[in-house]
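Work through the exercises below with the sequence and the coordinates open.

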Amino acid sequence: MIDIKESRNGDVLEIILTGRLDTNTAPQVETVLKEDVKAINKLIFDLSGITYISSAGLRVVLVAHKLMATTRGKFIVKNPSSFCKQVLEATGMDGVLTIE
């Protein structure tokens with residue numbers, strides 16, 4: 001299960017995720033992402049509440065990164081949980097993504 005909250009401030013969209021980002025929940029996040037990414041210049045994924053992230057979850061993070069790259073926008077992964085941080089480091093994604 002995942003809880004998805006959104007906060008928009010002008011052309012900045014923050015998506016706050018809590019729970020598991022896995023095969024079952026990644027499609028929900030991707031749907032929200034594709035619907036709400038229009039007319040923004042900065043997208044923030046707050047992953048502080050993520051307790052587990054699978055390869056499907058990582059794929060959604062990369063989709064967000066690519067969507068923003070195609071519009072020359074900025075994508076930031078904010079406050080990844082310790083589990084997320086370990087997975088991002090183990091996969092080398094910490095070298096590709098902007099993590100704050």
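Buried means under 20% relative accessible area, exposed over 50%, and partly exposed in between (1.4 Å probe, protein chains only). The model is predicted, so local features need pLDDT of at least 70 and side-chain atom pairs count only at pLDDT 80 or more, while totals for chains, interfaces and linings use all residues. Residues are numbered from 1 along each chain as its sequence is written, and side-chain values use heavy atoms, with hydrogens and water left out.

**Exercise 1.** Describe the geometry and the setting of the aromatic pair formed by Phe45 and Phe75.

*Solution.* Begin with the rings: their centres are 5.3 Å apart and their planes make an angle of 75°, which is edge-to-face (Phe, Tyr and Trp rings, the last by its six-membered ring, pair with centres within 6.5 Å; planes under 30 degrees apart are stacked, over 60 edge-to-face, the rest tilted). Finally, check accessibility: both Phe45 and Phe75 are buried.

**Exercise 2.** Determine where Thr25 sits and which backbone oxygen its side chain approaches.

*Solution.* Thr25 is found in the loop between strand E2 (12-21) and helix H1 (26-36), and Thr25 is buried, with a relative accessible area of 3%. A polar atom of its side chain then lies 2.6 Å from the backbone oxygen of Arg20.

Key
Helices (H or I, at least four residues) and strands (E, at least two) are DSSP runs, numbered from the N terminus. A polar contact is a pair of N or O atoms within 3.5 Å; within protein, one must be able to donate a hydrogen and the other to accept it, and residues adjacent in sequence count only if both atoms are side-chain atoms.
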